[in-house]
Amino acid sequence: MSANPSKVLVAGGAGFIGSHLVDRLLGRPDVGRLVVVDNLWTGARENLAHVDDGRFALAVTDVERFATEERFDEIYQLASPASPQWYMSDPVRTISANVMGTMRLLDLLAPGGRICFTSTSEVYGDPLVTPQPESYRGSVDCTGPRSSYDEGKRCTEALLSEVARVHGTDVRIARLFNVYGPRTKPDDGRAISNFITSALSGEPITIYGDGLQSRSWGYVDDIIDGLEKLFWSVPHGYAGPVNIGNDREVPVLTVAQYVASLIPGARIVHGEPAPQDPSNRCPDLTLARSLLPGWSCEIPYEEGVRRTLEWFAARLSPPAAEGGATPDPGA
Ligand SMILES: NC(=O)c1ccc[n+]([C@@H]2O[C@H](COP(=O)([O-])OP(=O)(O)OC[C@H]3O[C@@H](n4cnc5c(N)ncnc54)[C@H](O)[C@@H]3O)[C@@H](O)[C@H]2O)c1
């Protein structure tokens, strides 16, 4: 371990992306302590069950109310549902997790420490420009059904940008586009995991709308590579938001058809379009490529879907042998 091991806090670390980030952080020998703060609203202890490391601790509580005398050198703020059905179900809690959560985390930052935030492509709303560069200010309905999430993220970006400007705090902001992969909750409600869990359970794959709306699907390992570079491993010193995602746009219908082709008997049905579902999302990665040389999303959706399907299939099928633990292919 290095002479001055870092104290690290990951808010939302029991969630899908957070738990993968925790794995990556624990691979660093200079991390001396890593505390996950998570209220398990949309996360699960199981996502961290494989962690067997004396440096690790889990505090099950709202990040806004996390009480501690400790101060942290690096803080990663991921605490927020990302799935529309979850954030729309409790908008006050969603705004609180992002805005109040980040305000609390700023109190816990050691002098000279760094705070990193996972914002979202939803700050672009239903974009009138494609692909979306960071300079695009978005087309967001600030009182619409997605506003708790979109505006919660926008306000948190404002908060962190101002703290960087006025106090010189070391801030990193990633605008993530659609991420998928192992450890998504089966009832998370987002497209790829929904398609897979429905088809594996013998239910029809439901596409909301015609399915021609496109997304840039980023497999979680590629996204964690980008976050690692943006947040700690590349010394770029840039405080503004940076798009992190896959710039290969693929229609929702194409992905659903691919999932259906892998699962015998799977069929596709169409439901009512989701409220204010954007017609397209695609990151302009010019800034990411200049700040984070060598980074790009390498895993095509076909490969990522197969890996995700394998993980869900292992979870959703009954254990093969008595007493046998189910391996975690996502670990
Ligand atoms: N998954 C994506 O496609 C995507 C896209 C853009 C941005 N993001 C952002 O990345 C982050 C992680 O997303 P995810 O997909 O892993 O979602 P997730 O729902 O799996 O994880 C979020 C975690 O935060 C926890 N949490 C929520 N409110 C909390 C609170 N008040 N206090 C403590 N913990 C709280 C949840 O229990 C969960 O473990 C979120 O901030 C999300 O907005 C995700």
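Student: Which helix gives the largest share of the shell around the ligand?
Tutor: α1 does, with three residues. Helices here are DSSP runs of H or I with at least four residues, strands are E runs of at least two, and both are numbered from the N terminus. A residue is near a molecule or strand if its C-beta atom, placed from the backbone, lies within 6 Å of it.

Student: Before I go on, what am I looking at?
Tutor: This is a predicted model: local features need pLDDT of at least 70, side-chain atom pairs count only at pLDDT 80 or more, and totals for chains, interfaces and linings use all residues. Residues are numbered from 1 along each chain as its sequence is written.

Student: OK. How many residues surround the ligand?
Tutor: 29, and the closest are Gly12, Gly15, Thr42, Gly43 and Leu176. The elements that give two or more residues to that shell are α1 (16–26), α3 (91–107) and β5 (109–120).

Student: How do the shell residues divide into nonpolar, polar and charged?
Tutor: 15 are nonpolar, 11 polar and three charged. Nonpolar covers Ala, Val, Leu, Ile, Met, Phe, Trp, Tyr, Cys and Pro; charged covers Asp, Glu, Lys and Arg; the others, Gly among them, are polar.

Student: Back to α1. Mostly covered or mostly exposed?
Tutor: Mostly covered: eight of its 11 residues are buried. Buried means 20 or more other C-beta atoms within 10 Å of the residue's own, exposed means 12 or fewer, and partly exposed is in between, with C-beta atoms placed from the backbone. Phe16, His20 and Leu25 are among the buried ones.

Student: What do those buried residues pack against?
Tutor: β1, β2, β4, β5, β7 (179–180) and α6 (220–233). Two residues are in contact if their C-beta atoms, placed from the backbone, lie within 7 Å.

Student: Lots of strands there. What's the strand order in the open sheet?
Tutor: The seven strands run β3-β2-β1-β4-β5-β6-β11, with parallel pairing. The edge strands are β3 (56–59) and β11, each pairing on one side only. Neighbouring strands are turned by 20 degrees against each other on average, direction ignored. Two strands pair if DSSP finds at least two bridges between them.

Student: How many bridges join β1 to β2?
Tutor: Six, between residues 6–11 and residues 31–37. Lysine 7 stands opposite arginine 33 in β2, and valine 10 stands opposite valine 36. Five of the six residues of β1 are buried.

Student: And how many from β1 to β4?
Tutor: Four, and the two strands run parallel. Leucine 9 has isoleucine 75 in β4 as its bridge partner.

Student: Why call β4 largely enclosed?
Tutor: Six of its six residues are buried, so the rest of the structure largely encloses β4. Five bridges then join β4 to β5. Glutamate 74 stands opposite arginine 114 in β5.

Student: Where does α3 lie?
Tutor: Across β1, β4 (72–77) and β5, running at about 160 degrees to β5. Axes are lines fitted to C-alpha atoms, for helices over the stretch in contact, and angles run from 0 to 180 degrees between N-to-C directions.

Student: Switching to α4. What span should it have?
Tutor: Its 21 residues, 147–167, should span 30 Å at 1.5 Å a residue, and the end C-alpha atoms are 28 Å apart, which agrees. The expected span is 1.5 Å times one less than the number of residues.

Student: What do its buried residues pack against?
Tutor: α2 (84–89), α3, β5, β6 (170–176) and β11 (241–244). Tyr149, Arg154 and Leu160 are among the buried residues of α4. Just after α4, glycine 168 takes a positive phi of about 75 degrees.

Student: Last stop, the loops. Where is alanine 274?
Tutor: In the loop between β13 (268–271) and α8 (286–291). Alanine 274 counts as partly exposed because it has 17 C-beta neighbours inside 10 Å. Leaving aside neighbours within four places in sequence, alanine 274 is in contact with Pro84 and Tyr208.

Student: And proline 293, buried or exposed?
Tutor: Exposed, with 10 other C-beta atoms within 10 Å. Proline 293 lies in the loop between α8 and α9 (301–316). Proline 293 and lysine 229 are 64 residues apart in sequence and 9.0 Å apart in space, C-alpha to C-alpha.
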